[in-house]
Amino acid sequence: QQAAQAGAGAAIGPRDKAAVAEVAIASLPIPVLALNQAESVANPAANVYQFALSPEDEARQAADRAWLDGHRAIAAITPAGSWGDRVYASFEGRWQALGGQLLAHSQYDAAPNDVAAAVAAAAGSDEARRRQEALQRVIGRTVDAGAEGQAAPPALFVAGTAPRVRAVRRELRSFGPDTVIYSTSSAWNGDPAAESEP
């Protein structure tokens, strides 16, 4: 109201989700470009435009990109917690709507640095270990089947920060170099030098 009274033809803001939700249902005299998205507003005002990088939208776009690239089966690794759950639910919903097969979903804890268990689960190493044990019972001797004997999924959706996604990529190398990784923008921190890290 103050911006309109001062002669402004439009307003930019707010950034806070709760404030965006308030603005989205208000009767406003000028167009407003909100710098976030309201989560629970079904019918925002006609002159309120919400601008945000929604990780849920990006997860759906990652599913679309993987599908357009010809993948029909994919595994997913996401962080434990509400953010990871929301991103995974968005990715899973879109992937299944496209008709894709979800091979596995594993989560990593956001606190420790080790993502090895999540990568192993997504790559199916638990299943590989069960097959190895069954084979050993049948033939009666030990069979060595390290990571080299396990195949990585052809495509992988990974959600998380840039250091976490790089850690997943490094860990995935033990399963083979051919897995294509899809993610959201949170996987990129803007540092091109980090892409050359081992």
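Modeller: One definition first: a residue is called buried when its relative accessible area is under 20%, exposed when it is over 50%, and partly exposed in between. Please also keep in mind that this is a predicted model.

Colleague: Which residue does the side chain of Arg 65 meet in a salt bridge?

Modeller: The partner is Asp 69, with an N to O distance of 3.0 Å. Asp 69 is partly exposed as well, at 41% relative accessibility.

Colleague: How many salt bridges does the structure hold?

Modeller: It holds four. Another of them pairs Glu 56 with Arg 86, whose closest N and O atoms are 2.7 Å apart. Glu 56 belongs to helix H3, residues 55–68, and Arg 86 to helix H4, residues 82–98, so this pair links distant parts of the chain, 30 residues apart.

Colleague: Is Glu 56 buried or exposed? And what about Arg 86?

Modeller: Glu 56 has a relative accessible area of 17%, which is under 20%, so it is buried. Arg 86, at 35%, counts as partly exposed.

Colleague: What about Asp 64 and Arg 94, how far apart are N and O there?

Modeller: Their side chains form a salt bridge with an N to O distance of 2.5 Å. Asp 64 sits in helix H3 and Arg 94 in helix H4, so this bridge ties together parts that are 30 residues apart in sequence. Asp 64 is partly exposed at 25%, and Arg 94 is partly exposed at 30%.

Colleague: Staying with helix H4, what can you tell me about Ser 90?

Modeller: Ser 90 is placed in helix H4 and is buried, with a relative accessible area of 10%. Leaving out residues up to four places away in sequence, Ser 90 touches Glu 56, Ala 59 and Arg 60. Glu 56 is the residue that forms the salt bridge with Arg 86.

Colleague: Which of those side chains has a polar contact with Ser 90?

Modeller: The side chain of Arg 60 does, at 3.2 Å.

Colleague: Let us change topic. Which residues of helix H2 are buried?

Modeller: In helix H2, residues 17–25, they are Val 20, Val 23 and Ala 24. Viewed down the axis of H2, these buried residues fall within an arc of 100°, so they line one face of the helix.

Colleague: Why would residues a few places apart point the same way in an α-helix?

Modeller: An α-helix has 3.6 residues a turn, so residues three or four places apart point the same way.

Colleague: And what do the buried residues of H2 pack against?

Modeller: They pack against strand E2, residues 32–34, and strand E3, residues 48–50. The face of H2 turned away from the buried side carries the exposed residues Glu 22 and Ile 25.

Colleague: What happens at the start of H2?

Modeller: There, a side-chain oxygen of Asp 16 comes to within 3.1 Å of the backbone nitrogen of Ala 18.

Colleague: Where is Asn 47, and is it buried or exposed?

Modeller: Asn 47 lies in the loop between E2 and E3. At 18% relative accessibility, Asn 47 counts as buried.

Colleague: Which backbone oxygens lie by its side chain?

Modeller: The backbone oxygen of Leu 28 is 2.9 Å from a polar atom of the Asn 47 side chain, and that of Ile 30 is 3.1 Å from a polar atom of this side chain. Neighbours within four places aside, Asn 47 is in contact with Leu 28, Pro 29, Ile 30, Pro 31 and Val 32.

Colleague: Finally, what does the chain look like overall?

Modeller: The protein chain has seven helices and seven strands. Of its 198 residues, 36% are buried. The chain exposes about 11200 Å², of which carbon and sulfur atoms supply 52%. Among contacts between residues at least 6 apart in sequence, 61% join residues at least 24 apart.

Terms used
Residues numbered from 1 in each chain as written. Predicted model: local features only at pLDDT ≥ 70, side-chain atom pairs only at ≥ 80, totals over all residues. Heavy atoms only, no water. Helix = DSSP H or I, 4+ residues; strand = E, 2+ residues; numbered from the N terminus. Buried < 20%, exposed > 50% of the residue type's maximum accessible area, 1.4 Å probe, protein only. Contact = heavy atoms within 4.5 Å. Areas by Shrake-Rupley, 256 points an atom, 1.4 Å probe, with all protein chains shown as cover. Arc of directions from axis to C-beta. Polar contact = N/O pair within 3.5 Å; in protein donor to acceptor, adjacent residues only side chain to side chain.
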